[in-house]
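Subject: Handover of a structure

Dear colleague,

Please find the structure below, together with its sequence. My notes on what was found follow directly after it.

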Amino acid sequence: MAITTEPRELTPELVRRSLQGRRLSWVDVLIQILLLVALVSSLLILAVLLIDVIRTAWPVFAARGLSFITTPLSPDPTQSGILQGIMGSLALTGIVIVVAFPLGVGAAIYLEEYAKDSVLSRLLVANIRNLAGVPSIVYGLLGLAVFVQAMAGVTNGRTVIAGGLTLAVLVIPIMIITTQEALRAVPQALREASFGVGATKWETIRHHVLPVAMPAVLTGSVLTIARAFGEAAPLLLAGALVTNFFQVSAGASFVDLITVEPYTALPVVIFNWSRQPQPDFQALTAAGILVLLVLLLIINAVAIILRDRYARRS
Amino acid sequence: MRTEQDMARMLRGNPRRRRREAIVRTLFFLAAALSIVVSVAIVLSVVIDAVEFLSAIDLNQLWADGWFPRRGRFSIPTIFVGSLMITLVALVVALPLGLGAAIYLSEYARPGVRRALKPTLEILAGVPSVVLGFFALSFITPNIMQAIWQDTQVFNYGAAGIAVGILIIPLIASVAEDAMRAVPQSLREASYGLGAKRWHTSLRVIFPAALSGIVAAVILGFARALGETMVVAIAAGASGGALLNVDITQGGTTMTAAMASLAIGSDQVAGDSSAFQSLFFVGLLLFLMTLGLNVLSERLVRRFRQKY
């Protein structure tokens, strides 16, 4: 073999090629195809799921167009829209953003930038990891016992506030973990340079670490909020109306809607519809799912736009 | 002339700036410490009612015939076996697909293929579970379950389990892929240097080398499947209660589905009946199980990191 003048990086692929040539055994080809099928099957599942939902939802949108979105809930499947579900989900998401974003980012900043390797900080990290693995319905029990019952004076019981706080507590651990990863990716040299010219820790974080980490922090946070948007299980316990969903009032003022009125959310409405035996409800369920998926798509698009904007600025 | 004390004061910096530093640091610490408060609150809110429930009932009721909370029959084996059925079906679906995807992404995929296909796993991970529950009921039951076993009921463990399996594919794939990518390149080079074929290298060298990380991925998937609520509540049926059932073509209940159906009635049922409190007892069991599994997987990952 001729000695090349340019040193080439020795990858396993090169070693394999020079030992075995380009020839692949049929076992190799077969196994590679099987593995690729495993990977592509998730794409296939997604496609089948989308087609199934769109096909089932079609009659609803064909008959009523977009008025489905602006019509209030009703026990009659041919009349029912999904207005309160959308309003409830948006209000819940607002609370999740206001509560979970500052707390999650703050905790992550403490753990990554301030905490020394002590027993306490290791306890905090282990605790947050475990909280991230607790099933969402258990957070519902927390929401019921703490936000609906114990804090009824503040939340007025089964209101959007109780549900929003429950969802916020659910996503804070995930928010912390993704923000920690984003902060860890910021080069240490940046901090050292800032300390070197006399900046304090907070000045360093605010002017140098956070701007660099921001695109990743925002993407992670928005994806985490999207997770809260699709959650139904904790809300079943934290007070979202399920069975008598059509009593959620449609004309209440915005403040009342959040602080005193009973509420429901998009995934909870979908859950309720999916349990109804009448066939009309099946199309309605699919239509609700389509609205949920489109809203999730918009949330994800926001994440991409935010990331691009911040990435360009810094 | 400056005294030593003056020098020390100068080096300590502007007192206002120092105070601001201390306040900011305290605020961030409080945000982090809140997680301990949340943990304590979870444990307390679950344990108090669970203990009350246990003291209110006769313990024989926990081994009664089936799970019918409104009739005072709180059979723990029934809901536990139900949960186990769902997780087993889910793992049968998710293990080959998730691990296969992980091996392909880590050992075979070129960067372009990786960039194109990895997002599909991330999108799949973002699909809400109510959507998969509906998919189980409207697609998997008629087109897969009833196509194989014609007398499959509308609500059945099989369809719910398959949908939960779809839900945990991305989790298993991403954790297992991380584990396999962390295996040092030298192992691959050594394997090829000894003349091993590609499949031999990836399946017989890299896979075993990453085994503890892969087992951690499977345990995480197991824990996630155990805690999944909405898919089971929609597609496995049995909202009123169920007998112990190990047939995947029949419906039944699980720990999470039992909680969900009690929760649905929670705005009507008085808050202090023992049927309602059983919700907290089941929640405690679920919490302890998933906590144990998560701690176990964390240990495995740490051991794996130490090795390389």
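I begin with a charged pair: Arg55(A) and Asp52(A) form a salt bridge, with the closest N and O atoms 3.6 Å apart. The term salt bridge is used here for a side-chain nitrogen of Lys or Arg within 4 Å of a carboxyl oxygen of Asp or Glu. Both residues belong to helix 2 of chain A and are three residues apart, about one turn of the helix. Helices (H or I, at least four residues) are DSSP runs, numbered from the N terminus. Arg55(A) counts as exposed, at 60% relative accessibility, whereas Asp52(A) is buried, at 3%. Here buried means under 20% relative accessible area, exposed means over 50%, and partly exposed is in between (1.4 Å probe, protein chains only).

Please note that this is a predicted model, in which local features need pLDDT of at least 70 and side-chain atom pairs count only at pLDDT 80 or more, while totals for chains, interfaces and linings use all residues. Residues are numbered from 1 along each chain as its sequence is written, chains are lettered from A and ligands numbered from 1 in the order in which they are written, and side-chain values use heavy atoms, with hydrogens and water left out.

Further salt bridges

Over all chains, the search finds 13 salt bridges. One of them joins the side chains of Arg184(A) and Glu112(A), at 3.3 Å from N to O. Arg184(A) lies in helix 8 (residues 160-184) of chain A and Glu112(A) in helix 4 (residues 83-114) of chain A, so this pair ties together parts that are 72 residues apart in sequence. Glu112(A) is partly exposed, at 26% relative accessibility. Another salt bridge links Arg122(A) with Asp117(A), at 3.2 Å from N to O, and both of these residues are exposed. In chain B, Arg114(B), Lys118(B), Glu177(B) and Arg181(B) are joined into one network by salt bridges that share partners.

The interface

How many residues of chain A are in contact with chain B? There are 81, and they meet 81 residues of chain B; contact means heavy atoms within 4.5 Å. The area buried between the two chains is about 7,300 Å², with 74% given by carbon and sulfur atoms. Buried area is the accessible area (1.4 Å probe) that two parts lose on being put together, summed over both. Three salt bridges cross this interface, including the one between Arg20(B) and Glu203(A), whose closest N and O atoms are 2.9 Å apart. Helix 2 (residues 26-64) of chain A gives the largest share of the side of chain A that touches chain B, with 19 residues.

Buried parts

Which helix of chain A is largely enclosed by the rest of the structure? Nine of the nine residues of helix 13 (residues 266-274) of chain A are buried, so that helix is largely enclosed. Among them are Phe271(A), Asn272(A) and Trp273(A).

Arg191(A), located in helix 9 (residues 188-196) of chain A, counts as buried at 7% relative accessibility. Leaving aside neighbours within four places in sequence, Arg191(A) is in contact with Glu113(A), Leu183(A), Val186(A), Thr204(A) and Val209(A). A polar atom of the Arg191(A) side chain lies 3.3 Å from the backbone oxygen of Val186(A).

With kind regards

Methods:
Helices (H or I, at least four residues) and strands (E, at least two) are DSSP runs, numbered from the N terminus. A polar contact is a pair of N or O atoms within 3.5 Å; within protein, one must be able to donate a hydrogen and the other to accept it, and residues adjacent in sequence count only if both atoms are side-chain atoms.
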